[in-house]
Amino acid sequence: MAELRHYRYFVEIAQRGSFTAASAALHVTQSALSEQILLLERHLGCRLFDRGRHGARLTVHGEALFDQAMLLLSVANELEQSARSRQRHRGQPLRLGVTMGPLLVWLPEVLANLSQSHERLDIRIEDIITAEIFLKVSIGQLDLGIASLGDDGLAVAPGVGIEVHSLFEDDWVIMVPDGHPFIADGSVPLAALRDEQLVLFPKQYTLRTVLDDFFAKAGVSVSPAIETGWMEMAIRFVEVGMGVTVVPRAVTLLPSSNVHVVEIDEAYKPRRVLTALYRSDTPRRKTIEKLLRLAREHLPEPGSWPPQMHAGAAAVVAEQLRDRR
């Protein structure tokens, strides 16, 4: 059966006029998006788009479906808002979707401060990938998403009615086990990782796409030995000597032993941007805006971490964040 996300994908493509633009906005690979639309077309028994050099144009069947799909998405959102309003006497939950949850160590304190201004604040947090966050925010299944994007991620229009705000930026570093020869060098080019056992994010992660592009621009072809989106596990793999990893610098704030930070010696280094997104028409707008103000009080300004910050400096930043309580 066709699901609500299929119609969301269909509408996004129709509004943007191409699979490429919709893929970037939804943070879904173009092949996955094409496959989902093909499933929808098979389910409906008709072709929805004419594909060609011009992009993707609606067929007669697609034009007939478009207004109905828009109505479906609107009704789905209204149904959810109505159901939530009926639950207000029991405390309306604030629904958050996050990526790389272990790096959001500041979030419980921010939510604790936020709850002081509410008689009751129920909270639901999902740790999901960026593509799901964008989709669930857009169709009203999440009140706020906090996602990690590449430094060009904000250049992509996120969708109609979605507000996007940058909270924090950091760059990338290499983490190696105790005794690794990279430690003496202090910094190494990406080419030095060719013969290393690499622990990287899974393919479906947005930051893996950023890393793959980073390696490609450096002319380096790699194949990870281990893929995991669990940061604690990735660090543990490094600790026990099963590989090295390339991660956002904020990962160095996680507790670890026998792991060392090595800088990346490349002229160009992409940045990881911690990004907040929410619907502009959300009924929780005031609560979300207050949450984001509190978050900025607990985080360094975007781009404020020096690009060559080492593990010791990271520990100082972590201590400064704790001192802001």
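Modeller: Two strands count as paired if DSSP finds at least two bridges between them, and strands (E, at least two residues) and helices (H or I, at least four residues) are DSSP runs numbered from the N terminus. This is a predicted model, in which local features need pLDDT of at least 70 and side-chain atom pairs count only at pLDDT 80 or more, while totals for chains, interfaces and linings use all residues. Residues are numbered from 1 along each chain as its sequence is written, and side-chain values use heavy atoms, with hydrogens and water left out.

Colleague: In what order do the five strands of the open sheet lie, and which are the edge strands?

Modeller: Strands of a sheet pair through backbone hydrogen bonds, either parallel or antiparallel. Here the order is β4-β3-β5-β13-β6, with mixed pairing; β4 (122-127) and β6 (162-170) are the edges, each pairing on one side only. From one strand to the next the twist averages 20°. Strands β5 (144-150) and β13 (272-279) pair in the antiparallel sense over six bridges, and Ala-147 stands opposite Thr-275 in β13.

Colleague: Which strands does helix α5 touch, and which does helix α8 touch?

Modeller: Contact means heavy atoms within 4.5 Å, and angles run from 0 to 180 degrees between N-to-C directions, with axes fitted to C-alpha atoms, for helices over the stretch in contact. Helix α5 (107-115) packs on the sheet against β3 (93-98) and β4, its direction making about 160° with that of β3. Helix α8 (206-217) also packs on the sheet, touching β5 and β13, and its direction makes about 10° with that of β5.

Colleague: At roughly what angle do the axes of helices α2 and α3 cross?

Modeller: The axes of α2 (19-26) and α3 (30-44) come within 9 Å and cross at roughly 110°, which makes α2 roughly perpendicular to α3 (65 to 115 degrees). Among the contact residues are Phe-19 and Leu-26 of α2, and Leu-33 and Ile-37 of α3.

Technical notes. Parallel < 35°, antiparallel > 145°, perpendicular 65-115°, else oblique.
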